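Colleague: I am new to this structure and would be grateful for a guided discussion of it. May we take its features one at a time?

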Amino acid sequence: MLDVECRYTMCFIKKNDEILLLNREKSAWMGRWNGLGGKIEPGETPHESALREVKEEAGLHLEKMDCRGRLIWILEDGKRGGMHLYWAELPADRTCPTPAKTDEGILDWKPIAWILHPENKGMSVNVVKCLPFLLADEKQHLFQLHWRGEELIAFDHAELSD
């Protein structure tokens, strides 16, 4: 598979049958619901970045997040980028009140069925493509999304071995 430097994290937090999402006010995916996350800071591990981003964007202090793989994007001009994917599950008694306005956008819990509904045009394509695999098992995955402008032209998935 591709050797691409992953400079970002994307975090999914599940509670019951909902995922905590952010409707972003900034690029990329402005105006779309997406996972929490952002750029890995200098000297930070991807795991440290994921924990920091969740704390900054949702106010959640998590002790554990599992790495679930990587997402790579490939643009038609050959530019590539990537992000580490993280997963956490909150116990039913743990709270994160929403909706909430944050510096990044609007934070809210969304039902999985709503996120994956075929007529839902408000989701980041990254989430819609990756979430079914992440929900299905605890394995690590590699996702590759090939873009022509803003059009997704190919999607590839592979399980990563330990």
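Colleague: How do the residues of the lining of the largest pocket divide into nonpolar, polar and charged?

Modeller: The model is a predicted one. The lining of the largest pocket comprises 31 residues. They divide into 12 nonpolar, 9 polar and 10 charged.

Colleague: Which residues lie nearest the centre of the largest pocket, and what is its volume?

Modeller: Nearest the centre lie Ser27, Ala28, Trp29, Asn34 and Asn126. Helices and strands contribute as well: β1 (8-15), β4 (36-39), α1 (46-58), β5 (66-75), α3 (125-136) and β10 (151-160) each supply at least two lining residues. The volume of the largest pocket is about 840 Å³.

Colleague: Which element gives the most to the lining of the second largest pocket?

Modeller: The second largest pocket holds about 190 Å³ of space and is lined by 13 residues, among them Lys64, Met65, Trp87, Ala88 and Glu89, which lie nearest its centre. Its lining divides into 5 nonpolar, 1 polar and 7 charged residues. Both β5 and β6 (80-89) supply at least two residues of this lining. The element that gives the most, with 3 residues, is β6.

Colleague: How many disulfides does a search of the whole structure find?

Modeller: A disulfide requires two cysteine sulfur atoms within 2.5 Å. The sulfur of Cys6 has its closest cysteine sulfur in Cys67, 9.2 Å away, and is therefore too far for a bond. Cys96 is likewise in no disulfide, the nearest cysteine sulfur being that of Cys11, at 13 Å. Over the whole structure, the number of disulfides found is 0.

Colleague: Is Cys96 buried or exposed?

Modeller: A residue counts as buried when its relative accessible area is under 20%. The relative accessible area of Cys96 is 7%. Cys96 is therefore buried.

Colleague: What span does α1 reach from its first C-alpha to its last?

Modeller: The helix α1 has 13 residues. At 1.5 Å a residue, the expected value is 18 Å, and the model comes close to it. From first C-alpha to last, α1 reaches 18 Å.

Colleague: Against which elements do the buried residues of α1 pack?

Modeller: The buried residues of α1 are Ser49, Ala50, Arg52, Glu53, Val54, Glu57 and Ala58. An α-helix has 3.6 residues a turn, so residues three or four places apart point the same way. The elements that the buried residues of α1 pack against are β1, β2 (18-24), β4, β6 and β8 (105-111).

Colleague: Which residue just after α1 takes a positive phi?

Modeller: The position in question directly follows the helix α1. Its phi is about 70 degrees, and the residue is Gly59.

Key
Residues are numbered from 1 along each chain as its sequence is written. This is a predicted model: local features need pLDDT of at least 70, side-chain atom pairs count only at pLDDT 80 or more; totals for chains, interfaces and linings use all residues. Side-chain values use heavy atoms; hydrogens and water are left out. Buried means under 20% relative accessible area, exposed over 50%, partly exposed in between (1.4 Å probe, protein chains only). On a 1 Å grid over the protein atoms alone, a cavity is a set of points where a 1.4 Å probe fits but cannot get out, and a pocket is an open set with protein on both sides within 12 Å along at least five of seven lines; lining residues have an atom within 4 Å of a point. Grid points are joined across faces, edges and corners, and a volume is the space filled by probe spheres set on the points. Helices (H or I, at least four residues) and strands (E, at least two) are DSSP runs, numbered from the N terminus. Ala, Val, Leu, Ile, Met, Phe, Trp, Tyr, Cys and Pro count as nonpolar, Asp, Glu, Lys and Arg as charged, and the others, Gly among them, as polar. The expected span of a helix is 1.5 Å times one less than its number of residues. Contact means heavy atoms within 4.5 Å.
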